[in-house]
Amino acid sequence: MRPAPRGSLFRNATLAVIWLWLLVFVLAPTAMVAVASLLERGTDQFVTAAFSLESFARLFDPLYFQVFWNSIYLAGVTTGLCLLAGYPFAWLIARAPGRIRPLLLLLVIVPFWTSSLIRTYAMVIILKANGLLNGLLLWFGAIDQPLMLLYTEAAVIAGLVYSLLPFMILPLYAAMERLDLRLLEAARDLGAGRTALFLRVVFPLTLPGMIAGCMLVFLPALGLFYIPDLLGGAKILLLGNLIKDQFLAARDWPFGSAVSVVLLLFMALFLLALVYVRRRRADAEAAL
Amino acid sequence: MSDSILQIRGLGKAFGGDWVLEGIDLDIRRGEFLTLLGPSGCGKTTLLRLIAGLETVSAGSLHLQGRDLTPIPAERRPVNTVFQSYALFPHLTVFENVAFGPRLQGVKGAELRRRVADALETVKLGELAARRPGQLSGGQQQRVAIARALVNQPLMLLLDEPLSALDYKLRKQMQLELKQLQRRLGITFVFVTHDQEEALSMSDRVAVMNAGRIEQLDTPRRVYEDPASLFVARFVGEANLLPARVLEQRPDGLSLELEGKPFEAARPQRFEPGGRVHLLLRPEDLDVWSPEELRRQPEYQARALAATVEEVIYKGAEVDLLVRLESGVQVAATAFFDEEDPTLEYQRGERVFVTWPAGWEVLLPFEDAS
Ligand SMILES: Nc1ncnc2c1ncn2[C@@H]1O[C@H](COP(=O)(O)OP(=O)(O)OP(=O)(O)O)[C@@H](O)[C@H]1O
Ligand SMILES: [Mg+2]
């Protein structure tokens, strides 16, 4: 499709709609959260119009540091596992015969057709003490006692990996699909065995897909509050849980907002660092 | 044979039951420039890939310096390829692209830098070492691809239509450079092209391929002047084919009936009396005379074939003529401006006579090919 000429009515109208959307549904709520984080908690209203840094000061409580690091740890492990599982998975799809590739991609996308919340409940049913998995293991005689699967860190990580794996597979697939197989032949012709082939050609050429996938997994993993709630028995807190609890349970909007702002800043810093590194690399190349 | 580096015997390749290459017998000589020439889809790339090890052999064998190549994977064959698409690594600089092979052999440090610099110098790309492939022109990329292969000091260099993406002028220049490079390094080149002019001008020997087979393996000169089959005759250069009938076979020649006249072919070739043959004549071998001119050439008068000029195409240094013989066969003739005939004035519809120097015709078995 050719881009509409500058100044055409269609182009202006489209841009206006997009800007309006961003303004109303992204910028405005974010601004409200940012403002709320700087106000005081009210008694009969959620916030009172009095400036205060109190909410941010409270964040320095070691308890919250703990939540913060815990979130990063869980999101990090999740990202690592998604990468380990997603990489060969995406490779198999990208190298599958053209006819069955759409089918395999469909299988990756199918889970999106039901709510992630419902799928997490399904995991509860599988993992609980008298659930499907334990039932199966008992029936086979692999165990005599039901295993404590639910309400463990492993269950939370399993839930996060399960929910976020497609976000890793899809960008990896896109990168691998684009990979020119003739480059692999050229590398073999030049003497590259399997290991060298992967390390020197496949890995660097799929790195952009890996970075995109890691971001699409890591950042959401920090906020998926219902997974620790349901699978971790609320024993394990993510930043997302903290925020949710402040808004819905503790009714402390300024503090919930402050946590949100910190999470937002953290993500923004993460993205900025990435952009910076990329630009540095591009500059270094251009300078050569 | 001691001067043969690669021996190919009965080589065949099938893709899912379709034989795309069959019964290839070929001895590649050490240090020669061998060209595989043939139309699209005749199996040139497949043959190169079999030598490189990028495709598995379906039948026959390959022996490199007496060693069976079949069980050796591509990465351990002392043979390198310049791919038609170049296949340069986009994420690596020119230097790193060229260093790719030596690094895998464990070459490091100053030795690595020296070898890469030498290879880049060979293709005159020393100053572009820090660029990425995306920042190079087609011709430069092609030279990087050559350097990347050469730096490994392969026994054989396989080049798959490396010049086909270049414009005419660059192509001519690169042809010369490649040929000089090959002479200087003394490496065996196996070069693929479907451009007959390129094949003839660069090679020591040409293998003309057709539908998965080698039709003729010979020097460029013999392939052009003495084609083994109608296919080769037509693929390598322009060919006029005149049907004739064999009257008598003698030890020193052949009596034919050509265009309703008796014709004595000088070359002793074996054909059955009563059978049909094709006379092959290249356009530049033919002379076209006006009736007055012919009267001054008594030695040609008996053999001259009458014709009518149908088309006159002026080409600067030469004039191409299309004439129709009395039998209805159309013949192309090229006449050059020279001191003998500085004007070359021909009119469409003009009556002319066609002759050629005695013995320049090539006799081929008759094939009904249109
Ligand atoms: N991987 C493959 N699977 C099936 N058929 C193939 C495969 N590779 C090549 N072929 C077939 O083998 C035949 C020879 O192909 P090849 O690429 O060797 O031709 P070529 O002489 O190099 O032609 P070109 O001049 O167009 O490059 C073609 O008919 C092609 O369709
Ligand atoms: Mg080819």
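Visitor: How many residue pairs are in polar contact between chain A and chain B?
Guide: This is a predicted model in which local features need pLDDT of at least 70, side-chain atom pairs count only at pLDDT 80 or more, and totals for chains, interfaces and linings use all residues; side-chain values use heavy atoms, with hydrogens and water left out. Residues are numbered from 1 along each chain as its sequence is written, while chains are lettered from A and ligands numbered from 1 in the order in which they are written. A polar contact is a pair of N or O atoms within 3.5 Å; within protein, one must be able to donate a hydrogen and the other to accept it, and residues adjacent in sequence count only if both atoms are side-chain atoms. With both residues at pLDDT 80 or more, the number of pairs between chain A and chain B is 5.

Visitor: Which element gives the most residues to the side of chain A that touches chain B?
Guide: Helices here are DSSP runs (H or I, at least four residues), numbered from the N terminus. Two elements of chain A give two or more residues to this side: α8 (181–189) and α9 (194–221). The top contributor, with 7 residues, is α8(A).

Visitor: Which residue of chain A forms a salt bridge with B:Arg49?
Guide: A salt bridge needs a side-chain nitrogen of Lys or Arg within 4 Å of a carboxyl oxygen of Asp or Glu. Chain A and chain B have 2 of them. For B:Arg49, the closest N and O atoms are 2.7 Å apart, and the partner is A:Glu185.

Visitor: What area do chain A and chain B bury between them?
Guide: Good one! In this pairing, 18 residues of chain A are in contact (heavy atoms within 4.5 Å) with 25 residues of chain B. Buried area is the accessible area (1.4 Å probe) that two parts lose on being put together, summed over both. Carbon and sulfur atoms account for 60% of the total, which is about 2,000 Å².

Visitor: Which three residues of domain 1 of chain B lose the most area to domain 2?
Guide: The two domains bury about 720 Å², with 54% from carbon and sulfur atoms. On the domain 1 side, 61% of the buried area comes from B:Tyr224, B:Leu230 and B:Ala233.
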